Amino acid sequence: MSSRVRHWREAATVLLAAGGGGGGSSSSRFDYKVLLLRRSPRSAFLPSAHVFPGGVVDAADFSADWLHLLPPEGPLPLLLPPLRAGAGRAPLFAAERPELGTALPADVAFRICAIRETFEEAGVLLLVEAGEVASTSSAQGPARLLAPERLPPGPELAEWRRRVQRQPAAFLQLCRHLSCVPNLWALHEWSNWLTPVGRAGRGGRRYDTAFYLCCLGHGGPPEASHDRGEVTACQWSSPLEAIELFKSQDIWIAPPQFYELCRLYNFSSLHDLHRFGSERAVEGCERWMPVILVASDGHIQLLPGDELYPDDPDLTGERKPILTSNKKIEDLMKEARKLHRIVARDLHNVTVCVNIQPKYKHVNPLVVDSKVGNNADCNSRL
Ligand SMILES: Nc1ncnc2c1ncn2[C@@H]1O[C@H](COP(=O)(O)O)[C@@H](OP(=O)(O)O)[C@H]1O
Ligand SMILES: CCC(=O)SCCNC(=O)CCNC(=O)[C@H](O)C(C)(C)COP(=O)(O)O
Ligand SMILES: [Mg+2]
């Protein structure tokens, strides 16, 4: 397929984890919480779903003007820790997109996009003092936000937020005004998901989304506020709380976000999550497009490595994008030896089943469900 033919929108999102407030419940096994936003019921894609902050990349995220603001030393790719030789590279990071400009490497522009969207959607500003960039290293632990006295007064900041929502290029103006830069170094490449063909939103909306991890220490989760437009609620929850809210049908979480929350479930400590995410990021990642297999009593989203995942998946939906079987999910589970799949018996009865070795030094999700059936090869259950 030509890289110039676009079947999807390119986007970035951030798993924003925050701890360090000391106010967490002592009964929780997690010392951090993750930010989830509820999308508007009027959204053309995933209406009312809870997602991580994020959205579509804009030409302003690739603007050459960032070059005057970002640190001047050396060629731009050196701004970020180099990937290990042979690291996984999702097409998103390697594609050429002259229509958006070529001044910035995609690694930098997608981080700017995720940070801008987090400000637009939740009012959380992931910036660092321009003068402190040289000392910004993820080896020092979870990131810090700017001190409150470095921010404009509330009403002025709210006006900046509206301006950035209307015009993404205003984000660079805000950074210049504050003598700050987006904290690119706090975002660690985590995964990359392409919306399945059969799950496009209204108007055929599909997204190729870079997922980053960002861990914030010190002072507890920052105040997040929705924008009464695209986003109608914000909440900080531990991975378990989010999964329980989903299971109890209080919220609905899309499969990729559910999968990622089940991966976070492996980490009860923010420091461990940060260390894992920042060290693993140099391995890169590959793009995952779930392939839907409709069974007689639900559906399965097959992922790369599963023995039923097609050798040549239909990325664009021009062939037969959805597989069907007249078997039950339980039979499709019993028959399989190599599992990497999200099993949906209904909207809220969803389980991740994986027993393959994760690539790129990643971690497999933990299964937070006892209803998945009797397949003994599924990964550990909680
Ligand atoms: N008040 C509102 N209610 C619902 N959706 C809104 C909205 N304001 C903006 N949006 C939608 O949010 C999307 C922008 O999101 P982001 O900036 O995160 O990429 C746009 O969707 P579309 O691009 O699908 O039209 C836009 O139409
Ligand atoms: C049953 C529905 C599905 O499984 S579709 C899979 C939906 N999820 C994704 O495509 C994962 C990435 N998407 C997102 O994180 C966000 O929805 C977004 C960043 C693409 C939203 O973009 P927007 O511009 O609408 O804010
Ligand atoms: Mg968005």
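1. Basis. The model is predicted: local features need pLDDT of at least 70, side-chain atom pairs count only at pLDDT 80 or more, and totals for chains, interfaces and linings use all residues. Residues are numbered from 1 along each chain as its sequence is written, chains are lettered from A and ligands numbered from 1 in the order in which they are written, and side-chain values use heavy atoms, with hydrogens and water left out.

2. The residues around ligand 1 include R9, S40, R42, E117, R205 and Y207; a residue belongs here if one of its heavy atoms lies within 4 Å of the molecule. By class, this shell has six charged, four polar and two nonpolar residues. In that scheme Asp, Glu, Lys and Arg are charged, Ala, Val, Leu, Ile, Met, Phe, Trp, Tyr, Cys and Pro are nonpolar, and the others, Gly among them, are polar.

3. Elements around ligand 1. Strand β4 (54-56) and helix α2 (106-122) each supply at least two residues of the shell. The largest share, three residues, comes from β4. Helices (H or I, at least four residues) and strands (E, at least two) are DSSP runs, numbered from the N terminus.

4. Polar contacts of ligand 1. A polar contact with a ligand is a pair of N or O atoms within 3.5 Å. From E230, a polar side-chain atom lies 2.8 Å from an oxygen atom of ligand 1. The protein covers 63% of the 570 Å² of accessible area that ligand 1 has on its own, by the Shrake-Rupley method with a 1.4 Å probe.

5. Magnesium ion. Ligand 3, a magnesium ion, is coordinated by G54 (O), E121 (OE) and E230 (OE) at 2.0 to 2.2 Å. G54 in strand β4 and E121 in helix α2 are 67 residues apart, so this pair links distant parts of the chain. Donors are N, O and S atoms within 2.8 Å of the metal (3.2 Å for Na, K and Ca); water is not among the atoms, so the site may look incomplete.

6. Ligand 2. Of the 18 residues that surround ligand 2, the closest are R39, T195, E230, P255 and Q257. Polar side-chain atoms lie 2.7 Å from an oxygen atom of ligand 2 in the case of R39, and 2.9 Å in the case of T195. E230 also has a polar side-chain atom 2.9 Å from an oxygen atom of ligand 2. The protein covers 92% of the 640 Å² of accessible area that ligand 2 has on its own. Its shell divides into eight nonpolar, six polar and four charged residues.

Technical notes. Polar contact = N/O pair within 3.5 Å; in protein donor to acceptor, adjacent residues only side chain to side chain.
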